[in-house]
Amino acid sequence: MLDNPDYFKSSLEDKAYFLEEVAAATKTGVYAINFKENQFFIDAIGRSILDIPDALNPTISEASKLFFEKQDFKDLLETCLAGEFLEADIQMISCNKEKIWMRFTGKPKYNNNHEIVGIRGIFTSIDKYVREREEVVRHSKVIEAQNERLLHFAHIVSHNLRSHSSNLELTLELFNDIKHDDRSSVFYSYLEEVSLNLSATLKHLNQVVTLNSQATNRTVVKIDEIVNQVLEIYKTELHRILAEVEINVDQLNSIEYVPAFLHGILVTLVSNAIENRSQARSLKISISTKISKDKKLLVVRDNGSGMDLTGVGSSLFKVHHKEHPDGKTKGLGLFLAKNQVEAMGGDIVVKSKKDQGATFTIKL
């Protein structure tokens, strides 16, 4: 048959062939309701889906038992009798008592006198997709519950450790006046370093834990004011290294944002620029805003030592990742900045080459 050149042509013209193939592939059945004869007709594929024996020709009342929710069948009749088209996801029951989700349609059938005498429609099995969606929802709820428990756990750990950290700091302050010899001074310096590191870690942990809750504290902020606050922090260091800072926020200076987030993001990028500056030239930092294709962008560019991003990818923003092996930072700044940006629905990308500086673009 396949050797016949007219075979494919004739098949293409055979609409019944294609409809049957499509119906079988998509598990789509055809049904009709005849009010006058009180009959519910269903085609062979529909019978196969619902395991209806060939000898069984159900009445309208008997057909209602194929619907898991009787209200769905009632809605089908009432909608079509009102002259309207029905399309809904309906759970049906096969003759083997298996529940199957269907995409169900129904359209009123008129006689020559424009009277509704029946209903015609199709039903397609969407059971696989509904089950998968239900599984995704179930997993999502499990993950949400786990996240809540982890958040609660982190809050407890953070709160309890903060208390111990504060006690340690206060205790060390009492030793300030009784450092008598070199040994006690060294011992004290070790404890002081441990205390400071513990406090810093707890501060970062608290920032991570409270990210989502803080994300709701949006308010209109002036970007130039936040920029100046950040530059004031590093005023002495920027002056010492003769750095130049250029600010251009003419295109966008007001935005609804969490002030603490914008402040933290700029602190991270400015401090990174200072730390990773080139020893061959004076540091120049450019902080600007712009609107491109309806996107509000904050761009922080420096002429520092740059970095080779090959193989780094998104790991640049992971915890404890350092741009440079000899960097002095704890590797949390970019991690926190990225999480703050994403908590506000934005994203952050970086472009950089070795010894050619870096450009961080933040979609606000």
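## Overall dimensions

The radius of gyration used here is taken over C-alpha atoms, and the globule rule is 2.2 Å times the number of residues to the power 0.38. The model is predicted. For 364 residues, a compact globule would come out near 21 Å, whereas this protein chain has a radius of gyration of 34 Å. Along the principal axes, the C-alpha atoms fill a box of roughly 105 × 50 × 45 Å.

The secondary structure amounts to 12 helices and 12 strands. Of the 364 residues, 36% count as buried. Among contacts with a separation of 6 or more, 60% join residues 24 or more positions apart.

## Two domains

Where do the domain boundaries of the protein chain fall? Domain 1 covers 27–128, and domain 2 covers 215–363. Their C-alpha centres lie 61 Å apart.

Individual residue pairs give further distances. N272 and E62 are 210 residues apart along the chain, and their C-alpha atoms are separated by 74 Å. For Q214 and Q39, 175 residues apart along the chain, the C-alpha separation is 62 Å.

## Surface and charge

The protein chain exposes about 23100 Å². Carbon and sulfur atoms supply 53% of that area.

How many positive and negative side chains does the protein chain have? There are 45 positive and 50 negative ones. The centres of the two sets lie 2 Å apart.

T105 sits in strand β4, which spans residues 99–110. Is T105 buried or exposed? Its relative accessibility is 13%, so T105 counts as buried, the cut-off being under 20%. Beyond its neighbours within four places in sequence, T105 contacts Y31, F85, L86, E87, R120, G121 and I122. Of these partners, L86 and E87 fall within the β3 range, 86–93.

K97 belongs to the loop between β3 and β4. At 69% relative accessible area, K97 is exposed, because exposed means over 50%. What is the phi of K97? The angle is near 65 degrees, a positive value in a residue other than glycine. Most residues other than glycine have a negative phi.

S286 lies in strand β9, residues 284–292. With a relative accessible area of 17%, S286 is buried. Which residues does S286 contact, leaving aside its neighbours within four places in sequence? They are E246, V299, V300 and R301. V299, V300 and R301 fall within the β10 range, 295–302.

K293 is found in the loop between β9 and β10. Its phi is near 50 degrees, again a positive value in a residue other than glycine. K293 has a relative accessible area of 77%, so this residue is exposed.

L191 has its place in helix α7, which runs over residues 182–209. L191 is partly exposed, with a relative accessible area of 29%. The value lies between the 20% and 50% cut-offs, which means that neither buried nor exposed applies. L191 and A273 are 82 residues apart in sequence, and their C-alpha atoms are 31 Å apart in space.

Helix α8 covers residues 211–214 and contains Q214. Q214 is also partly exposed, at 23% relative accessible area. What does Q214 touch, not counting residues up to four places away in sequence? Its partners are V258, A260 and F261. A260 and F261 fall within the range of helix α11, residues 259–275.

N272 lies in helix α11 as well. At 12% relative accessibility, N272 counts as buried.

Note on methods:
Residues are numbered from 1 along each chain as its sequence is written. This is a predicted model: local features need pLDDT of at least 70, side-chain atom pairs count only at pLDDT 80 or more; totals for chains, interfaces and linings use all residues. Side-chain values use heavy atoms; hydrogens and water are left out. Helices (H or I, at least four residues) and strands (E, at least two) are DSSP runs, numbered from the N terminus. Buried means under 20% relative accessible area, exposed over 50%, partly exposed in between (1.4 Å probe, protein chains only). Contact means heavy atoms within 4.5 Å. Accessible areas come from the Shrake-Rupley method with a 1.4 Å probe; for residues, only the protein chains shown count as cover. Lys and Arg count as positive and Asp and Glu as negative; His and the chain ends are not counted. The place of a charge is taken as NZ of Lys, CZ of Arg, CG of Asp or CD of Glu. Domain bounds come from an automatic or database domain assignment.
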